[in-house]
Amino acid sequence: SDVFLFVGGNDYKLDDQPVIDAFNQYFGGGFNGIVLQELREIRSFAYSANAVYRTQPIPGEKTMLIGVSGTQSDKPADAVIEFLKLIKEMPEKPERMDNIKNYLVLSSQASKPNFRVLSQSIENWELKGYTDDPNRILIPKYQELTFDSFMSFYKNEILGRPVTIAIVGNK
């Protein structure tokens with residue numbers, strides 16, 4: 001079964017991008033993310049689990065937290081309960097912040113659009129409101145991030161909002 005959870009957010013603001021990137025790495029960032037560790041590694045409720053705070057390509061459009069989990073057909077209810085706990089009471093692990101900041105800086109320094117998609121990348125940057133390569137703007141902001149600013153983002157954008165749940169599977 002596939003479990004989907006959606007939490008509607010606020011209008012996208014370009015200034016939120018650094019903390020959104022940090023949140024995505026912390027909460028849904030692959031094997032280091034809270035979601036995969038809690039749902040798959042610790043509780044064995046899922047084959048796969050991920051979450052991303054999705055932004056729109058244009059500032060002013062609504063953002064959304066999207067969570068996805070692939071489970072055995074007898075475990076979607078357990079996965080939903082635990083996923084909701086993670087969304088409503090996100091574990092606080094401030095010791096992870098330095099690694100997240102380091103990852104974001106290093107990945108930004110190493111990222112460069114392929115020449116085949118360079119014009120599309122530049123157009124997307126301009127649609128979002130950037131006038132230069134976003135990495136030049138984001139890297140210093142990544143280095144300034146604190147766990148408090150990160151938690152403030154979570155409390156303002158996700159905590160306490162309604163959650164829409166969809167389950168697709170064989171009954």
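Colleague: How is confidence read here, and where is it lowest and highest?

Modeller: pLDDT is the predictor's confidence in each residue, from 0 to 100. Where pLDDT is low, the predicted coordinates should not be read in detail. The protein averages 91, and 100% of the residues score at least 70. Confidence is lowest in helix α2 (residues 34-42), with a mean of 86, and highest in strand β4 (residues 164-168), at 96. In this predicted model, local features need pLDDT of at least 70 and side-chain atom pairs 80 or more, while totals for chains, interfaces and linings use all residues. Residues are numbered from 1 along each chain as its sequence is written, and side-chain values use heavy atoms, without hydrogens or water.

Colleague: Is helix α1 largely enclosed or exposed?

Modeller: Helices (H or I, at least four residues) and strands (E, at least two) are DSSP runs, numbered from the N terminus. Buried means under 20% relative accessible area, exposed over 50% and partly exposed in between (1.4 Å probe, protein chains only). Twelve of the twelve residues of α1 are buried, so the helix is largely enclosed by the rest of the structure.

Colleague: How many aromatic pairs are there?

Modeller: Rings of Phe, Tyr and Trp (its six-membered ring) pair if their centres lie within 6.5 Å; planes under 30 degrees apart are stacked, over 60 edge-to-face and the rest tilted. The count is nine aromatic pairs. F23 and F150 have ring centres 6.0 Å apart and planes at 35°, so this pair is tilted. F23 lies in helix α1 and F150 in helix α7 (residues 147-157), 127 residues apart.
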